[in-house]
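Please read the following report alongside the sequence and the model.

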Amino acid sequence: MLVFKIAFIGLLFTLATASLQSRARQNFNCDEILNRQIAKEFEASQIYLSLASYMSHDRVALEGFSKMFKHSWKEELEHAQKLIEYGITRGASIETPSVPKPDDSKWLGMNACQIVEFVLNLEKKVNEHLLKVHQCGDVKSDPQMQDFIEGEYLKEQVEANKELSDLLSRLERATLHLNSDGSKVAMCDGLGLHHIDQELAKKF
């Protein structure tokens, strides 16, 4: 009797799962890696939200940086939403991601240059995984997905990496300090940081 009940429950589960299979699905086999990319976009958005709040604090008062990170927060959310909509269009099994909470206290021990470098590395990691999503389309013979990733993400990601790299170089140059021994070091603070923050405030 117990075996019959287990078999019956298994049959019901199979039927329920089958009823959720998309009729639109064709030649799509990258569900897992697409869901991982969605999770990474949400995770990046949370980090940007944390940074935007930190930069707005009255003891930091870098409104330009805050506006830039707020812009990036919304952008990453849009990226995640676009991937979700694409997956649904292709008949993928979309999973709601579990997004870890950023360590808000982390920024206290970092200067502006270190934060920008951290964000640059974050964007590189997101891009690195995007390339794996693109590669899945190649391995699974899905040129349409490759075209989607190329058209919607890769160019924008490369441009974002360049902008952050330029910002870091300008920050270092604007805050360069000459030591008594003749050596130079980027302080990433002071009037130079203020000027760049004002530029970002106007841009974003």
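## Basis of the report

This is a predicted model, in which local features need pLDDT of at least 70 and side-chain atom pairs count only at pLDDT 80 or more, while totals for chains, interfaces and linings use all residues. Residues are numbered from 1 along each chain as its sequence is written, and side-chain values use heavy atoms, with hydrogens and water left out.

## The annotated span

UniProt, in an unreviewed entry, places the feature "domain: Ferritin-like diiron" at residues 24-175; such annotations may be inferred rather than shown by experiment. In the model, the end C-alpha atoms of residues 24-175 lie 56 Å apart, and the span is 75% helix and 0% strand, where helices (H or I, at least four residues) and strands (E, at least two) are DSSP runs numbered from the N terminus.

## Helices α3 and α5

Helix α3 (residues 63-90) packs with helix α5 (residues 143-174) at an angle of about 170 degrees, and their axes are 12 Å apart. The axes are lines fitted to C-alpha atoms over the stretch in contact, with angles running from 0 to 180 degrees between N-to-C directions. The angle therefore makes α3 roughly antiparallel to α5, a term used for angles over 145 degrees.

Contact (heavy atoms within 4.5 Å) is made by residues including F65, M68 and E75 of α3 and Q144, M145 and F148 of α5. The residues of this contact divide into ten nonpolar, two polar and five charged; Ala, Val, Leu, Ile, Met, Phe, Trp, Tyr, Cys and Pro count as nonpolar, Asp, Glu, Lys and Arg as charged, and the others, Gly among them, as polar.

## The nonpolar cores

A nonpolar core is a set of buried Ala, Val, Leu, Ile, Met, Phe, Trp, Tyr and Cys residues joined through side-chain atoms within 4.5 Å. In the largest one, which has 29 residues, F65, F69, I115 and L171 touch the most other members. Helices α2 (31-56), α3, α4 (112-139), α5 and α6 (190-203) each supply at least two residues of this core, and α4 gives the most, with eight. Apart from this core lies another, of 17 residues, among them C30, I33, L83 and I84.

## Two buried residues

M110 lies in the loop between α3 and α4. M110 counts as buried because its relative accessibility is 19%, the limit being under 20% relative accessible area with a 1.4 Å probe and protein chains only. Not counting residues up to four places away in sequence, M110 touches I115 and F118.

Q157 is found in helix α5 and, at 3% relative accessibility, also counts as buried. Leaving aside neighbours within four places in sequence, Q157 is in contact with E123, V126, N127 and L130.

Note on methods: Angles under 35 degrees count as roughly parallel, over 145 as roughly antiparallel, 65 to 115 as roughly perpendicular and the rest as oblique. Buried means under 20% relative accessible area, exposed over 50%, partly exposed in between (1.4 Å probe, protein chains only).
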